[in-house]
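Reader: I would like to learn how to read aromatic pairs and sheets in a model. Where do we start?

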Amino acid sequence: MIGVAAALGASVAIALLALFGVIDEPSLNASGYASVGIAFALIAGIVGILAERLRRAVEAHERAEAELKVESARRVSEGLKGAILDASLDCLITIDHAGRVLEFNRTAQETFGYGRGEAIGRELAELIVPPDLRQRHRIGLRRRVYADEGSVLDRRIELTGMRKGGSVFPVELAVTRVPGTDPPIFAGYIRDITERKRNEERERAQSEEIAKLAESRGELVAQLLLAEERTRRGIAQALHDDALQRLLSAHQDLIEAAPGRAGVTRAHKALEGTIDRLRDAVVALHPVTLQQGDLETALNAIARQQAARGRLRHTVSVDEDAAGHRDDLVLSLARELLANVARHAHASRCSVSVTREGERLRLEVADDGRGIPPGRQDRALREGHIGLASAVQRVQAIGGEAEVWSEPGSGTVVRARIPSAEREAVEQAR
């Protein structure tokens, strides 16, 4: 087009110049000069027209090149967008204000079982929303379109989706409004969370099973320790009421029968030593002083015995209103905890206190020993070791609470809060 205009302009200019050559004579009169002026005016007008046409042609050419570049960029962008959509691990579905599908990426096709051609233009509710939830979906869409309600926009929620065959499965959905669209267009990002839900259910079932096993183990530990306590109590009672009393009687008879004789004196000392050891054994098994309800004396007896074994100083304190409630349990726990201190704490002193806190008793056993290494208590609980772990389990098994505070090199404090029992119930149990 530009070449044609240029050739036309050149032809006209040559013709006019030829005309000028014909009329360009020295004898020109006024009309001649007027003709020359007209000729030059025509040449100028034609050149101006040609220049304008040339400018328009150049602009048209530039616009065409720009449009070509834009179209090329658009195609590249569309291709890139399609590649990104198809590469997305989430289902990406866009819908218009009426709920019709505008975009349905490859993951959505694979997840829901529809081809892109089947999905585009159809109502989303009919495709992937279970029948019992469709009306709710439509109402929610209308609210977001007309009332600008964004209660589900830009946040993740869990819903139920439906595949082409009608099977339902759990999904996670995030909806956002596409900026600058009116009427609005919405983009939904959907993720199949079937496997995650299976794992969560499996973990929940395992947790429940572990909790049941822990509860059963706690009950078993409590029952075993109660049976052990009853056995200790029976043996201690038999030793105290029979064997110890017989030895004391024999000791007295020996003193009265032959006082002062050397053989009798040696037998007397041996008998006294046997009686002392038997008394220690009775205290270790079950302090008979509990028969008179003297919890503090019984605790002192146990603390004294364990302190001698661990070579440490001890203190015992019992509130007046704390005695007579769960004495057997308090004594059994204290024995276990003090034995643990004597065997493992490497302490120089320990303390035992029993107080009343409303409807609960608080037993506290503290020492200044080397403390418990990190993780040791948890391992003991998992392995079912009898000791500190079993004491904690026993308290928890009866609805109580137990806490252990310990730092390496700073000692250990064990606090047990035990549901109290009426004194009459304790007496009847005995």
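Author: This is a predicted model. The count here comes to 1 aromatic pair.

Reader: How is a pair of aromatic rings described?

Author: By the distance of the centres and the angle of the planes. In this structure the ring centres of F112 and F169 are 5.7 Å apart and the planes stand at 50 degrees, so the pair is tilted. Planes under 30 degrees apart would count as stacked and over 60 as edge-to-face.

Reader: Which parts does the pair tie together?

Author: F112 belongs to helix α3 (residues 106–112) and F169 to strand β4 (residues 168–177), so the pair links parts that are 57 residues apart in sequence.

Reader: Is F112 buried or exposed? And what about F169?

Author: F112 is buried, at 1% relative accessible area. F169 is buried as well, with 4% relative accessibility. R163 lies over the face of F169, 3.8 Å from the ring centre.

Reader: Now the sheet. What is the order of the strands?

Author: The order is β6-β7-β8-β10-β9, in an open sheet of 5 strands with mixed pairing. β6 (313–318) and β9 (401–406) are the edge strands, each pairing on one side only. From one strand to the next, the twist averages 10 degrees.

Reader: How many bridges join β9 to β10?

Author: There are 6, and the two strands run antiparallel. E403 stands opposite R415 in β10.

Reader: Which strands does helix α12 touch?

Author: Helix α12 (residues 388–397) packs on the sheet and touches β9 and β10, its direction making about 150 degrees with that of β9. Helix α10 (residues 327–345) lies across β7, β8 and β10, at about 15 degrees to β8.

Terms used. Residues are numbered from 1 along each chain as its sequence is written. This is a predicted model: local features need pLDDT of at least 70, side-chain atom pairs count only at pLDDT 80 or more; totals for chains, interfaces and linings use all residues. Side-chain values use heavy atoms; hydrogens and water are left out. Rings of Phe, Tyr and Trp (its six-membered ring) pair if their centres lie within 6.5 Å; planes under 30 degrees apart count as stacked, over 60 as edge-to-face and the rest as tilted. Helices (H or I, at least four residues) and strands (E, at least two) are DSSP runs, numbered from the N terminus. Buried means under 20% relative accessible area, exposed over 50%, partly exposed in between (1.4 Å probe, protein chains only). A charge sits over a ring if NZ of Lys or CZ of Arg is within 6 Å of the ring centre and within 35 degrees of the ring normal. Two strands pair if DSSP finds at least two bridges between them. Axes are lines fitted to C-alpha atoms, for helices over the stretch in contact, and angles run from 0 to 180 degrees between N-to-C directions. Contact means heavy atoms within 4.5 Å.
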